[in-house]
Amino acid sequence: MPPTSPATRPAERNRPSVLDGALEAPSSAADMVVDRLMTAIAVGEYLPGSRLPSERDLAASLGVGRVTVRTALAHLSDQGLLQTVRGRGGGSFVREQQATSAGASMHRALSARRENLLDVFEAVRLLHGTIARAAAENRTDEDARALRDRLEQFRVAGTGRESQRADARFHEAVIAAAHNATLQNVLLELESRISLTAPAHLWGSVDGMREMELRALSDHEQLVRAIIGRDQEEAGTIGAEHARIDVELFEKAVHRAEHRVDAAEVPTR
């Protein structure tokens with residue numbers, strides 16, 4: 001779980017924060033929550049139309065108070081990233097069309113976390129390779145059946161959220177086949193630094209999503225063959241290379257945010 005930001009020091013009390021639109025590092029717990037949620041939306045952890053977890057669940061996962069979460073959600077709604085629905089079945093939903101004016105804030109949030117996230121992405125990539133190798137060595141016949149079943153579920157899943165959920169279940173089966181609780185715990189801890197929805201992976205933007213899903217399907221098929229065939233070297237290579245998709249989706253999110261900033265700065269006639 002990522003650490004919460006320290007209490008604001010006296011010398012920093014007058015410094016602008018993310019909530020003021022400044023392009024600086026987070027200076028409060030609310031700023032940190034804004035950054036995490038903006039990143040999650042930008043990289044497709046929460047796809048358009050998705051409902052965010054409740055204030056209670058977000059507060060627990062991020063280690064902050066519910067008032068802090070409420071403040072951050074209100075800011076994201078003002079930025080045009082979320083829509084709040086009241087009543088039964090309501091909550092905070094990711095907008096299908098996000099306001100171009102949110103580009104500067106989103107670009108700041110992604111840029112602020114970029115160096116740290118890329119370091120974690122690399123560790124996650126290497127660990128996925130290690131886990132795939134262990135799965136090829138330790139898998140049982142029951143694991144093989146589970147992998148084939150999860151692969152088929154991913155193959156027939158609809159694009160978007162359904163495919164994202166099927167992908168998470170597939171990777172859970174790969175991790176289970178490794179039969180190593182320590183590797184599993186380390187991976188989940190690292191992924192939680194990147195994603196609020198771990199073990200679900202990033203899913204990118206709607207544009208180009210289906211192409212990414214077909215690429216993931218090809219990787220999954222090769223990975224299942226290698227694990228079931230007990231080819232440790234091949235499984236390790238495929239597992240590590242497959243995890244590069246997350247890095248690519250993050251970098252694309254950064255470029256999209258830059259483009260939105262440029263678009264917002266173009267004067268209208």
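Biologist: Which helix gives the most to the lining of the largest pocket?

Modeller: In this predicted model, α10 gives the most to that lining, with 8 residues.

Biologist: Which helices each supply at least two residues of the lining?

Modeller: Those are α1 (29-42), α8 (209-228) and α10 (244-265).

Biologist: How many residues line the pocket, and which lie nearest its centre?

Modeller: The lining of the largest pocket has 29 residues. Nearest the centre are G204, S205, V206, D207 and R256.

Biologist: How much space lies in it?

Modeller: The largest pocket holds about 660 Å³ of space.

Biologist: And how do the lining residues divide into nonpolar, polar and charged?

Modeller: The lining has 15 nonpolar, 6 polar and 8 charged residues.

Biologist: Staying with α8, at what angle do the axes of α8 and α9 cross?

Modeller: Helix α9 covers residues 232-242, and its axis crosses that of α8 at roughly 160 degrees. The two axes come within 8 Å. The cut-off for roughly antiparallel is over 145 degrees, so α8 and α9 are roughly antiparallel to each other.

Biologist: Left-handed or right-handed crossing?

Modeller: The crossing of α8 and α9 is left-handed.

Biologist: Which residues meet there?

Modeller: From α8, the residues are A216, D219, H220, Q222, L223, A226 and I227. They meet E234, A235, I238, G239 and H242 of α9. By class, this contact has 6 nonpolar, 4 polar and 2 charged residues.

Biologist: Where does H179 lie, and what is its phi?

Modeller: H179 is in the loop between α6 and α7. It is not a glycine either, and has a positive phi of about 55 degrees.

Biologist: Where is the cis peptide bond, and what is omega?

Modeller: It joins A198 and P199, with omega about 15 degrees. P199 sits in the loop between α7 (181-194) and α8.

Biologist: Back to helix pairs. How do the axes of α5 and α6 cross?

Modeller: Helix α5 (residues 141-156) and helix α6 (residues 161-178) have axes that come within 8 Å and cross at roughly 165 degrees. That angle makes α5 roughly antiparallel to α6. Their crossing is left-handed.

Biologist: Which residues make the contact?

Modeller: On the α5 side they are D143, L147, R150, L151, Q153, F154 and V156. On the α6 side they are E162, S163, A166, D167, R169, F170, E172, A173, V174, A176 and A177. The residues of this contact divide into 10 nonpolar, 2 polar and 6 charged.

Biologist: One more pair. α1 and α4, at what angle do their axes cross?

Modeller: Roughly 95 degrees, with the axis of α1 coming within 9 Å of that of helix α4 (residues 103-138). Angles of 65 to 115 degrees count as roughly perpendicular, so α1 is roughly perpendicular to α4.

Biologist: Which residues meet in that one?

Modeller: D35, R36, M38, T39, I41 and A42 in α1 meet a set in α4 made up of S105, M106, R108, A109, L110, A112, R113 and L117. The contact of α1 with α4 has 8 nonpolar, 2 polar and 4 charged residues.

Definitions and conventions: Residues numbered from 1 in each chain as written. Predicted model: local features only at pLDDT ≥ 70, side-chain atom pairs only at ≥ 80, totals over all residues. Heavy atoms only, no water. Axes fitted to C-alpha atoms, helices over the stretch in contact; angles between N-to-C directions. Helix = DSSP H or I, 4+ residues; strand = E, 2+ residues; numbered from the N terminus. Parallel < 35°, antiparallel > 145°, perpendicular 65-115°, else oblique. Left-handed = near helix turned anticlockwise from the far one by under 90°. Contact = heavy atoms within 4.5 Å. Nonpolar A, V, L, I, M, F, W, Y, C, P; charged D, E, K, R; others polar. 1 Å grid on protein atoms, 1.4 Å probe; cavity = no way out; pocket = protein on both sides within 12 Å on 5 of 7 lines; lining within 4 Å. Points joined across faces, edges and corners; volume = space filled by probe spheres on them.
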